[in-house]
Amino acid sequence: MTAPRFTLALLLMTVALAASACGGGGSGDVPTGAIAVVNGTEITSAQLSELVDQAKQGYKAQNQAFPKAGTPEYQTLQTQYVAYLVELEEFRQAADELGVTVKDKDVEAAEEELIKSRFGGKRADYEKALKQQGFTAAQYRANALEASVLSQQIFDAVTKDSKVTEEEILQYYTANASQYGTPESRDVRHILIAEKDKDGSVDFAASKAKADEIYTELKNGADFATLAKENSADPGSKDSGGKLTISRGQTVPEFDKVSFALEKGELSKPVKTQYGYHVIEAVSDVRKATTTSLDKVRASIRTTLLQQKRNEEMQAWVEDLKKDYEGKVSYAAGYEPPVLPDAPTDTTTQ
């Protein structure tokens with residue numbers, strides 16, 4: 001099994017905040033040994049160094065050179081690491097207000113699920129992958145897994161009252177009716193005649209003349225499949241004797257109209273389309289359109305709409321959190337986040 005890359009990129013994905021969600025603040029009031037203060041709580045340089053050291057191990061495991069200090073690449077990574085630490089502290093403080101507490105047994109359960117789903121239940125493989133990326137199991141539980149569980153529990157708390165009404169389900173079902181049915185269909189076979197002019201375009205007069213000849217031959221008992229293989233200009237069907245299974249509205253209008261008007265076994269006269277002239281034979285009866293009843297898809301629609309609602313509510317909560325922390329985060333010189341234009345924040349919790 002290929003070991004997942006346990007770097008800060010993974011840690012960042014476990015938290016449902018984007019970098020823009022960090023509360024704004026100045027560079028004052030940050031004690032020595034700290035890189036930031038989040039509403040009175042220090043983020044230490046030791047915490048940042050631990051992440052950087054773990055990231056270096058991850059780069060080494062991938063045979064990649066870690067960016068040198070002072071380079072733009074290093075500054076970009078450092079900015080991401082600082083953002084992660086600040087965001088995680090904001091989440092922890094918000095969790096207290098929500099009454100959310102991550103217990104050791106919650107983290108242990110998440111770890112067991114990860115080992116089961118990603119490593120086939122083999123703890124030794126899990127710990128080997130962590131070691132390659134610079135983590136011990138204890139470090140990974142304290143960082144990525146604790147953050148992941150915290151994020152999920154906050155998501156659950158924020159969205160616990162989300163509900164979907166029967167009216168909303170019906171509206172969704174109606175608006176997406178095409179997803180819950182199949183149109184009329186039937187089997188046909190056709191021969192496309194598309195004679196070419198000198199410039200490569202379809203010569204409709206010549207094509208019509210040849211299609212009339214093909215039609216006459218078929219009426220006189222010629223084998224349809226043989227003529228299709230010898231004459232059809234449709235590469236997708238000629239080798240199968242011109243056979244097609246079509247659905248109502250799937251083909252060009254002229255072809256569609258004639259194909260569904262024919263009786264089973266009936267042969268059409270040459271039909272002009274933008275591609276040339278077609279001689280069409282109906283092979284099967286028309287199969288009726290079908291519709292999946294609302295009762296059969298109600299549960300899946302409810303799940304879809306509920307997840308959409310929960311994501312929207314989480315989005316709104318994150319935006320409120322960002323506003324709450326404006327002016328409550330201070331950074332040490334050199335650790336301030338870049339000033340970026342406002343961007344949409346994806347708060348979906350997987």
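Tutor: Phe91 has a relative accessible area of 1%, so this residue counts as buried. The model is a predicted one. The ring of Phe91 pairs with the ring of Trp317: their centres are 5.6 Å apart and the planes meet at 75°, which makes the pair edge-to-face. Phe91 belongs to helix H3 and Trp317 to helix H11, so the pair links parts of the chain that are distant, 226 residues apart. Trp317 is buried too, because its relative accessible area is 16% and the cut-off for buried is under 20%.

Trp317 also has a place in the largest nonpolar core, which holds 34 residues. Together with Phe66, Tyr81, Ile154 and Met314, Trp317 touches the most other members. Two or more residues of this core come from each of strand E1 (34–38), helix H2 (45–61), helix H3 (72–98), helix H6 (137–158), helix H11 (294–324) and strand E9 (329–331). H3 contributes the most, 11 residues. In soluble globular proteins, nonpolar side chains tend to be buried together.

Leaving out residues up to four places away in sequence, Phe66 touches Val52, Ala55, Lys56, Tyr59, Tyr74, Leu77 and Tyr81. Tyr59 is buried, because its relative accessibility is 16%. Phe66 has a relative accessible area of 16%, so Phe66 is buried as well.

The model has 8 aromatic pairs in total. Elsewhere, Phe119, Tyr126, Phe135 and Tyr140 make up one aromatic cluster.

Now for the strands beside these helices. E2, E1 and E9 form, in that order, an open sheet of 3 strands with antiparallel pairing. Strand E2 (41–44) and E9 are the edge strands, each pairing on one side only. From one strand to the next, the twist averages 20°. E1 and E2 run antiparallel and are joined by 4 bridges. Ala34 stands opposite Thr44 in E2. Helix H3, which carries Phe91, lies across E1, E2 and E9 at about 30° to E1. H2 lies across E1 and E2, and runs at about 40° to E2.

How values were computed. Residues numbered from 1 in each chain as written. Predicted model: local features only at pLDDT ≥ 70, side-chain atom pairs only at ≥ 80, totals over all residues. Heavy atoms only, no water. Core = buried A, V, L, I, M, F, W, Y, C linked by side-chain atoms within 4.5 Å. Buried < 20%, exposed > 50% of the residue type's maximum accessible area, 1.4 Å probe, protein only. Contact = heavy atoms within 4.5 Å. Phe/Tyr/Trp six-rings, centres within 6.5 Å; stacked < 30°, edge-to-face > 60°. Pairing = 2+ DSSP bridges. Axes fitted to C-alpha atoms, helices over the stretch in contact; angles between N-to-C directions.
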